[in-house]
Amino acid sequence: MMPMAAFSPREEARPPWHRVLVTGGAGFLGSHLCTRLLDSGVEVDCLDNLSTGRAEKVAHLAGRPGFRFLEHDIAQEGCADLLTGPYDLVLHLAGPGTSPASWPERPVEVLDTGSLGTRAALAVAERDGARFLLASSPPAPFGDGGDPVGPHSARAEAVRFSEALVAAHAAAHGSNAGIVRLFTGYGPGMRTDDGGTPGTFIEQALAGRPVTVTGDGTLTHPLCYVDDMVDGVLLVAAGRSVRPVDIGGDEEPTAVEIARRVIELTGSGSTLEFVGGVPPVESRPVTGFAREIFGWLPSVTWQDGLERTVAALAEQPDPLPAAPAGRTGEWWA
């Protein structure tokens, strides 16, 4: 396979699509993708059931030529019939979240989203002859070890099944379908109520509360700024790879380094406190394939990314309300 060099997601040249469907488009990553695509001259249908996503995240796109917001659940029967297209690309970001706040309280709905939702999105892409790209997450998450009835099994099995379904479609039908696995992303518009890093640190510091670090603070976090993540998704979308492609940060600051940087950037009087417990170990991306084949390379350092993120969140008047319990939205809400 030759390296992808025909498309650069940050150049002024128009991307190779006319209309794109983004499921889970009112979530964190989805809203950034919708904005980037529209800015590039691409028409966008943004589909979201507003469970973990928020209409406010795409409110700045309302009224722009070529943008439509559709409040529907991709897993519901008949939803695919409402997506008239035709589309050149389907970016499927709808599914169970990876953060602690998104752990399922209603596992049946999570499994339906990973199975029925993915099947419906694939059907739309196949109908239109469109490229399909599933936004997934690292395999075997949360140490379930493949246990189908473990405490986080519904989310884990939904991820595994959706990836298997995409691969099966590509093999059986010759579908132009691929998978991109997204690791820890952050940036303006991110959630700060999900227990993740660096969102929790930023929320605590802006509120003037102690910034709490679990354990001794030496655990590292592979952070990827959202602009770099959008680049990666669009580069993989512009290719024809079926093989899962990891997109994630190559810098791994420690929790203490992140916390101290957040306190510095916010100008907060927050203290740094260490609390007991064992912090969850994050999966590390293997980005060699993304670099060698697609030419993807992160360009924003974690220090600069945090500065941009803190500045954006500090200007946000009120935090977004918590998502309704038991519903599923975007992988990266």
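This is a predicted model: local features need pLDDT of at least 70, side-chain atom pairs count only at pLDDT 80 or more; totals for chains, interfaces and linings use all residues.
Residues are numbered from 1 along each chain as its sequence is written. Local features need pLDDT of at least 70, side-chain atom pairs count only at pLDDT 80 or more, totals for chains, interfaces and linings use all residues, and side-chain values use heavy atoms, with hydrogens and water left out.

Me: Where is Val 58 found?
Reply: Helices (H or I, at least four residues) and strands (E, at least two) are DSSP runs, numbered from the N terminus. Strand S2 covers 43–47 and strand S3 covers 67–70. Val 58 sits in the loop between strand S2 and strand S3.

Me: Is Val 58 buried or exposed?
Reply: Buried means under 20% relative accessible area, exposed over 50%, and partly exposed in between (1.4 Å probe, protein chains only). Val 58 has 4% relative accessibility, so Val 58 counts as buried.

Me: Which residues is Val 58 in contact with, leaving aside its neighbours within four places in sequence?
Reply: Contact means heavy atoms within 4.5 Å. The list is Gly 25, Ala 26, Ser 31, Cys 46, Phe 67 and Phe 69.

Me: How many salt bridges does the structure hold?
Reply: Side chains of opposite charge can pair when their charged atoms come close. A salt bridge is a side-chain nitrogen of Lys or Arg within 4 Å of a carboxyl oxygen of Asp or Glu. The structure holds 14.

Me: Which residue forms a salt bridge with Glu 43 at 2.7 Å?
Reply: The closest N and O atoms of the pair are 2.7 Å apart, and the partner is Arg 19. Glu 43 lies in strand S2 and Arg 19 in strand S1 (residues 19–23), so the pair ties together parts 24 residues apart in sequence. Glu 43 is partly exposed at 25%.

Me: Which residues are linked with Arg 19 in a network of salt bridges?
Reply: Arg 19 forms a salt bridge with Glu 43. The network also includes Asp 45 and Arg 68. The residues linked with Arg 19 are Glu 43, Asp 45 and Arg 68.

Me: What distance separates the closest N and O atoms of Arg 261 and Glu 307?
Reply: Arg 261 and Glu 307 form a salt bridge. Arg 261 lies in helix H7 and Glu 307 in helix H9 (residues 302–315), so the pair ties together parts 46 residues apart in sequence. Arg 261 is buried at 17%. The distance is 3.8 Å.
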